[in-house]
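Q: I have a new structure open and would like to learn how to read it. Could we go through it together, one feature at a time?

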Amino acid sequence: MNTDLSLIMDVMKEIEQIEDHRVEANKEYDLADIIFLTIAAVLCGATGWKAINIFGEAQLDWLRQYRPFSNGIPTRHSIGRIIRGVKAESMMSCFINSCYALTAFRV
């Protein structure tokens, strides 16, 4: 397995552990897809929900190499609403565990 792909898959495992508190009726977009989109967009310089949406639309083929994005990219308003609904502790835990994975990967 390609080491870059392995690293992304390790990070995705952590992202998938984040609890989705939305009611079933509001789960048109997979939480892990949206978190992955947001992280990728911000790492590439996106500075707001609109920029994250634009990144997602432009990079959908690349994003689908790692996540299904079955319903495409949500609107900027939906991205913001979904991310704001994630508990900060869950995101921090995800990032800390991902950093541990990165450290173990480099050793």
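Predicted model: local features only at pLDDT ≥ 70, side-chain atom pairs only at ≥ 80, totals over all residues.

Q: Is proline 74 buried or exposed?
A: Burial is read from the relative accessible area, and a residue under 20% counts as buried. Proline 74 has a relative accessible area of 0%, so it is buried.

Q: Which residues does proline 74 touch?
A: Here we set aside residues up to four places away in sequence, and then proline 74 touches Tyr29, Ile34, Asn53 and Ile79. Take Ile34 from that list: isoleucine 34 and proline 74 are 40 residues apart along the chain, and their C-alpha atoms are separated by 8.3 Å.

Q: Let me step back to the whole protein. How many helices and strands are there?
A: The protein has six helices and zero strands. Reading along the sequence gives the pattern α-α-α-α-α-α. Of the 107 residues, 36% are buried.

Q: What share of the contacts comes from residues 24 or more positions apart?
A: Among contacts with a separation of 6 or more, residues 24 or more positions apart account for 61%.

Q: Where is the confidence lowest, and where is it highest?
A: The pLDDT is the predictor's confidence in each residue, from 0 to 100. In this protein the lowest confidence is in helix H1 (residues 3-15), with a mean of 75, and the highest is in helix H3 (residues 49-58), at 98. The protein as a whole has a mean pLDDT of 87, with 90% of its residues at 70 or more.

Q: Which residues meet where H2 and H3 pack?
A: On the H2 side they are Leu37, Thr38, Ala40, Ala41 and Val42, and on the H3 side Trp49, Ile52, Phe55 and Gly56. Sorted by class, this contact has seven nonpolar, two polar and no charged residues.

Q: Is threonine 38 buried or exposed?
A: Threonine 38 belongs to helix H2, and at 11% relative accessibility it counts as buried. Beyond residues up to four places away in sequence, threonine 38 touches Trp49, Ile52, Ile79 and Ile83.

Q: Which residues of H5 are buried?
A: In H5 the buried residues are Ser78, Ile79, Gly80, Ile82 and Ile83. What covers these buried residues includes H2 and H3.

Q: And which residues is asparagine 53 in contact with?
A: Asparagine 53 is found in helix H3 and counts as buried, at 16% relative accessibility. Leaving aside neighbours within four places in sequence, its contacts are Ile73, Pro74, Thr75, Arg76 and Ile79.

Q: On to charges. How many salt bridges are there in the whole structure?
A: To spot one, look for a side-chain nitrogen of Lys or Arg within 4 Å of a carboxyl oxygen of Asp or Glu. A search of the whole structure finds five salt bridges. One of them joins the side chains of arginine 67 and glutamate 16, at 2.6 Å from N to O. This pair links distant parts of the chain, 51 residues apart: arginine 67 is in the loop between helix H4 (60-63) and helix H5 (76-84), and glutamate 16 is in the loop between H1 and helix H2 (31-43).

Q: Are these two partners buried or exposed?
A: Arginine 67 counts as buried, at 11% relative accessibility, whereas glutamate 16 is partly exposed, at 44%.

Q: Which residue forms a salt bridge with arginine 67 at 2.7 Å?
A: That is aspartate 30, with 2.7 Å between the closest N and O atoms. Aspartate 30 lies in the loop between H1 and H2 and arginine 67 in the loop between H4 and H5, so the pair ties together parts 37 residues apart in sequence. Through shared partners, salt bridges join Glu16, Asp30, Asp33 and Arg67 into one network.

Conventions:
Residues numbered from 1 in each chain as written. Heavy atoms only, no water. Helix = DSSP H or I, 4+ residues; strand = E, 2+ residues; numbered from the N terminus. Buried < 20%, exposed > 50% of the residue type's maximum accessible area, 1.4 Å probe, protein only. Contact = heavy atoms within 4.5 Å. Nonpolar A, V, L, I, M, F, W, Y, C, P; charged D, E, K, R; others polar.
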